[in-house]
Amino acid sequence: SFSSDSSKAVVSTQSTGEQQRLKKPEKTTLPGFSSETAFSPSPSREEYTPEPDVSEVLKQHKERQTKLADQMLSMTQNLKQVSVAARDIIHQDNKNLSEVNDVVERNAVKLEKETAQLEKFNQSSGKCWVWTLIGIVMMIFIVMVIFIRLFPRKR
């Protein structure tokens, strides 16, 4: 029974403390103002004095700026390396293209030369075939004449 009475007393004191806290509005203070002047109607205010938090905030901002500057520097160096590598690749590609262009020009000249020779050969080979066919026809004619003379017609 003693333990139940003491627990009721603790609960009742807690509830009364909570009730008082709820009835009484809390005062909020702004940084740089005292709690007495926060809600007082008097126009007198204290001088604004920077708190140690401001120097900490400035220190954090300076650290962030330093980190950002370092990151920007590393990114700039990386961009420069990539740009130099791209420039080297483009130079090599241009060199390769020039070499390929020279080879293509030489091949085009050789192709024109070979085409001219082929046309000349085609023209001469056509004449050769004509003469060959004329020779074959004449041989057949001579063989026919000989055949007719050797084997005359029987009457």
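Over residues 36–40 the pLDDT stays under 50, and the model has 5 contacts beyond four places in sequence for them. Here pLDDT is the predictor's confidence in each residue, from 0 to 100, and a contact means heavy atoms within 4.5 Å. This is a predicted model, where local features need pLDDT of at least 70 and side-chain atom pairs count only at pLDDT 80 or more, while totals for chains, interfaces and linings use all residues. Residues are numbered from 1 along each chain as its sequence is written, and side-chain values use heavy atoms, with hydrogens and water left out.

Residues 1–14 also have pLDDT under 50, with 0 contacts beyond four places in sequence. For the protein, the mean pLDDT is 79, and 66% of residues reach 70 or more.

Now for the layout. The protein has 3 helices and 0 strands, which gives the pattern α-α-α along the sequence. Helices (H or I, at least four residues) and strands (E, at least two) are DSSP runs, numbered from the N terminus.

What about the surface? Buried means under 20% relative accessible area, exposed over 50%, and partly exposed in between (1.4 Å probe, protein chains only). The accessible surface comes to about 15300 Å², with 63% of that belonging to carbon and sulfur atoms; areas come from the Shrake-Rupley method with a 1.4 Å probe, and for residues only the protein chains shown count as cover.

| Residue | Relative accessibility | Class |
|---|---|---|
| Arginine 87 | 46% | partly exposed |
| Aspartate 88 | 42% | partly exposed |
| Phenylalanine 147 | 47% | partly exposed |
| Phenylalanine 151 | 55% | exposed |

Take the charged ones. Side chains of opposite charge can pair when their charged atoms come close. Arginine 87 and aspartate 88 meet in a salt bridge, 3.5 Å from N to O. The rule asks for a side-chain nitrogen of Lys or Arg within 4 Å of a carboxyl oxygen of Asp or Glu, and the count comes to 1.

Next, the rings. The whole structure has 1 aromatic pair. Phenylalanine 147 and phenylalanine 151 form this tilted pair, 5.1 Å centre to centre with 55 degrees between the planes. Rings of Phe, Tyr and Trp (its six-membered ring) pair if their centres lie within 6.5 Å; planes under 30 degrees apart are stacked, over 60 edge-to-face, and the rest tilted. Phenylalanine 151 sits in the segment after helix H3 (52–150).
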